[in-house]
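Colleague: Before we look at any detail, I would like to know how you go about reading a model of this kind. Could you take me through the features in turn?

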Amino acid sequence: MSNQAPNHARVIPLRPSAGRRGTTRPADRPPTPREPLWRDLVGDVLRRERQAQERTLKDVADTARISMPYLSEVERGRKEASSEVLAAAARALGLSLGDLLARAQGELVRLTSRTSRTTQTSHAGSTATTSSYNGLCLAA
């Protein structure tokens, strides 16, 4: 027989659950929509372009000289790719890095303008500010 106490794991949630105290929101307010992640937008653009060209993941990865599993994770938004990897993947698809980023920026504008319109109409009594800036800004 052992004199050791049982080993119980303590679980600390990363996100509070909806039913926890202090995390509920008033019933009249809809949840605040999340802005899309840049890696998701870039991955979506890469995947759509690859599929539009009817090319396989292996073909594009080989042409770009990056591993197929890594390119797959970039396309699914699971990895934050370096500018070198993005440029190589874009070149393999016949795009420049600027073309890739411009398409991702277009998606960001499209998605966030739809989100901001929804937010503006749902908060009719409050003042909402929107930016008319239509440029691309990347920060390290």
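Modeller: Take K79 as a place to begin: K79 is partly exposed, with a relative accessible area of 35%. Keep in mind throughout that this is a predicted model.

Colleague: What does the side chain of K79 meet in a salt bridge?

Modeller: The general idea comes before the case. Side chains of opposite charge can pair when their charged atoms come close. Here K79 pairs with E73, at 3.8 Å from N to O. E73 is partly exposed too, with a relative accessible area of 26%.

Colleague: How many salt bridges does the chain have by this rule?

Modeller: The count comes to nine. One of them joins the side chains of E80 and R39, with 3.7 Å from N to O. E80 sits in the loop between helix 3 (68-75) and helix 4, while R39 belongs to helix 1 (residues 38-52), so this pair ties together parts that are 41 residues apart in sequence.

Colleague: Which residue meets R48 in a salt bridge?

Modeller: The partner of R48 is E107, and the distance from N to O is 3.9 Å. R48 lies in helix 1 and E107 in helix 5 (residues 97-122), so the pair ties together parts 59 residues apart in sequence.

Colleague: Which residues are linked in a network of salt bridges?

Modeller: R47, R50 and E75 are linked in that way. E75 is the residue to look at here. E75 is found in helix 3 and counts as buried, with 2% relative accessibility. Leaving aside residues up to four places away in sequence, E75 touches G43, D44, L46, R47, R50 and L57.

Colleague: Let us step back to the fold. How many helices and strands are there in the chain?

Modeller: The chain has five helices and zero strands. Read from the N terminus, the order of elements is α-α-α-α-α. For the chain as a whole, look at the sequence separation of contacts: among those between residues at least 6 apart, 63% join residues at least 24 apart.

Colleague: How much of the chain counts as buried?

Modeller: Of the 140 residues, 24% count as buried. The accessible surface of the chain is about 10800 Å², and 51% of this belongs to carbon and sulfur atoms.

Colleague: Why is helix 4 largely enclosed by the rest of the structure?

Modeller: Seven of the ten residues of helix 4 are buried, so the rest of the structure largely encloses this helix. The buried residues are V85, L86, A87, A88, A89, A90 and A92.

Colleague: How does helix 4 pack with helix 2?

Modeller: The general idea is one of helix geometry. An α-helix has 3.6 residues a turn, so residues three or four places apart point the same way. In this model helix 2 (residues 57-64) and helix 4 (residues 83-92) pack at about 120°, and their axes are 8 Å apart. The crossing of helix 2 past helix 4 is right-handed. V60, T63 and A64 of helix 2 make the contact with A88, A89 and A92 of helix 4. By type, the contact residues divide into five nonpolar, one polar and no charged.

Colleague: What follows helix 4?

Modeller: G94 follows helix 4, and its phi is positive, near 80°.

Colleague: Which residue other than glycine has a positive phi near 60°?

Modeller: That is R65, found in the loop between helix 2 and helix 3. R65 is exposed, with a relative accessible area of 78%. E54 is not a glycine either, and has a positive phi of about 55°. E54 lies in the loop between helix 1 and helix 2 and counts as exposed, at 74% relative accessibility.

How values were computed
Residues are numbered from 1 along each chain as its sequence is written. This is a predicted model: local features need pLDDT of at least 70, side-chain atom pairs count only at pLDDT 80 or more; totals for chains, interfaces and linings use all residues. Side-chain values use heavy atoms; hydrogens and water are left out. Axes are lines fitted to C-alpha atoms, for helices over the stretch in contact, and angles run from 0 to 180 degrees between N-to-C directions. Helices (H or I, at least four residues) and strands (E, at least two) are DSSP runs, numbered from the N terminus. A crossing is left-handed if the near helix is turned anticlockwise from the far one by less than a right angle, and right-handed if clockwise. Contact means heavy atoms within 4.5 Å. Ala, Val, Leu, Ile, Met, Phe, Trp, Tyr, Cys and Pro count as nonpolar, Asp, Glu, Lys and Arg as charged, and the others, Gly among them, as polar. Buried means under 20% relative accessible area, exposed over 50%, partly exposed in between (1.4 Å probe, protein chains only). Accessible areas come from the Shrake-Rupley method with a 1.4 Å probe; for residues, only the protein chains shown count as cover. A salt bridge is a side-chain nitrogen of Lys or Arg within 4 Å of a carboxyl oxygen of Asp or Glu.
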